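Please look through the sequence and the model shown here before reading on.

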Amino acid sequence: MAATLTRSWLGRAWRAEQRSTMATAASLVGSEWRRELTKAMQAAPPGAAGRSPFRLSMQVKGSDEAALGTLHLAAAAPLSSSRPGNGGMRLWSYVSGTAAETEASKLALGMEIKHASFNTGFSGAKLVCAAEQPIEAWSGDDKQRLMDAAACMLTELDGAMFTGCDMNTTTEDMDYLAELCPFVLAAVGNPSCCPNAATAHGVLGALDATLAARCPASASSCTGAATSAAPSPSASSSGARRC
């Protein structure tokens with residue numbers, strides 16, 4: 001009963017945070033941390049995209065022993081407890097196993113740039129589960145089977161990899177995973193922090209960096225344009241500058 005009430009309260013807190021996120025997004029664009037993120041992303045080592053990621057794979061089986069999918073771990077470098085990897089767990093249907101491995105590798109390299117930008121001490125990594133059936137067909141038990149497999153993989157790595165939410169995995173999934181192993185970073189036990197809002201802030205920071213890279217001579221004006229109201233048709237047709 002207590003667990004049910006706690007989850008219900010966390011759900012209300014999450015929804016309230018989500019509502020406030022969109023309302024405050026425009027005001028965040030000009031904040032100092034976002035300008036620093038822009039600088040760090042632009043200064044990321046250009047050779048990062050050329051690395052060959054470290055990989056692990058594990059089959060995920062359902063209660064009837066039928067294959068649910070394959071869980072892939074990709075990291076920008078070999079993992080260790082002295083410099084563990086970090087990245088969310090994504091559940092998706094791919095056209096092939098190669099497509100899933102390729103996306104996991106690219107996401108891991110992207111995480112490497114993020115961690116280098118903030119000097120977190122983590123290596124970039126990602127967990128990707130290539131589902132054998134459409135995601136909407138997955139049951140709650142199937143999801144738990146995926147978390148069980150992830151817990152086995154993380155436990156075997158013994159502190160060399162930490163994960164969290166991503167596409168089609170939720171804070172509830174992470175709560176369950178955290179009961180199985182301690183290698184979860186997803187605001188577990190902290191209802192005042194919403195991982196979805198944090199991700200939204202990061203996306204806006206990435207947009208700032210993209211705008212700054214495309215029009216560096218007037219990055220501030222481009223950033224300002226992103227938060228202003230859409231131009232009127234007459235303004236658009238008059239040749240107003242666009243980035």
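Predicted model: local features only at pLDDT ≥ 70, side-chain atom pairs only at ≥ 80, totals over all residues.

Residues are numbered from 1 along each chain as its sequence is written, and side-chain values use heavy atoms, with hydrogens and water left out.

## Overall fold

The protein has eight helices and six strands, where helices (H or I, at least four residues) and strands (E, at least two) are DSSP runs numbered from the N terminus. Following the sequence, these elements come in the pattern α-α-β-β-β-β-α-β-α-β-α-α-α-α. Of the 243 residues in the protein, 38% are buried; here buried means under 20% relative accessible area, exposed means over 50%, and partly exposed is in between, with a 1.4 Å probe and protein chains only. The protein exposes about 13200 Å², of which carbon and sulfur atoms supply 57%, the areas coming from the Shrake-Rupley method with a 1.4 Å probe and, for residues, with only the protein chains shown counting as cover. Among contacts (heavy atoms within 4.5 Å) between residues at least 6 apart in sequence, 73% join residues at least 24 apart.

## Aromatic pairs

A search of the whole structure finds two aromatic pairs. Rings of Phe, Tyr and Trp (its six-membered ring) pair if their centres lie within 6.5 Å, and planes under 30 degrees apart count as stacked, over 60 as edge-to-face and the rest as tilted. Phe 122 and Phe 162 form an edge-to-face pair, 5.9 Å centre to centre with 70° between the planes. Phe 122 lies in the loop between α3 and β5 (123-131) and Phe 162 in strand β6 (residues 161-162), so this pair ties together parts that are 40 residues apart in sequence. Phe 162 also forms an edge-to-face pair with Phe 183, at 5.6 Å centre to centre and 85° between the planes. Because Phe 162 lies in strand β6 and Phe 183 in the loop between α5 (171-180) and α6 (195-214), the pair ties together parts that are 21 residues apart in sequence. Phe 122 and Phe 162 are buried, and Phe 183 is buried as well.

## Cysteines

How many disulfides does the structure hold? It holds zero, a disulfide being a pair of cysteine sulfur atoms within 2.5 Å. Cys 181 is in no disulfide, and the nearest cysteine sulfur, that of Cys 152, is 9.1 Å away. Cys 181 is buried, with a relative accessible area of 4%, whereas Cys 165 is partly exposed, with a relative accessible area of 25%.

## Salt bridges

Side chains of opposite charge can pair when their charged atoms come close. The structure holds six salt bridges, each being a side-chain nitrogen of Lys or Arg within 4 Å of a carboxyl oxygen of Asp or Glu. The table gives some of them.

| Salt bridge | N to O distance |
|---|---|
| Glu 65 and Lys 61 | 4.0 Å |
| Asp 166 and Arg 90 | 2.6 Å |
| Lys 143 and Asp 173 | 2.8 Å |

The salt bridge between Asp 166 and Arg 90 links distant parts of the chain, with Asp 166 in the loop between β6 and α5 and Arg 90 in strand β4 (residues 89-92), 76 residues apart. Arg 90 counts as buried, at 12% relative accessibility, and Arg 90, Glu 103, Lys 126 and Asp 166 are linked in a network of salt bridges.

The salt bridge between Lys 143 and Asp 173 also links distant parts of the chain, with Lys 143 in helix α4 (residues 140-157) and Asp 173 in helix α5, 30 residues apart. Lys 143 and Asp 173 are both buried. In the salt bridge of Glu 65 with Lys 61, Glu 65 counts as exposed at 52% relative accessibility, and Lys 61 as partly exposed at 38%.

## Two individual residues

Ala 66 has its place in the loop between β1 (54-61) and β2 (67-75), and is partly exposed with a relative accessible area of 35%. Not counting residues up to four places away in sequence, Ala 66 touches Val 60 and Lys 61. The C-alpha atoms of Ala 66 and Glu 132 are separated by 9.8 Å, although these residues are 66 residues apart along the chain.

Gly 110 is found in helix α3 (residues 97-118) and is partly exposed, with a relative accessible area of 29%. The C-alpha atoms of Gly 110 and Gly 124, which are 14 residues apart along the chain, are separated by 7.0 Å.
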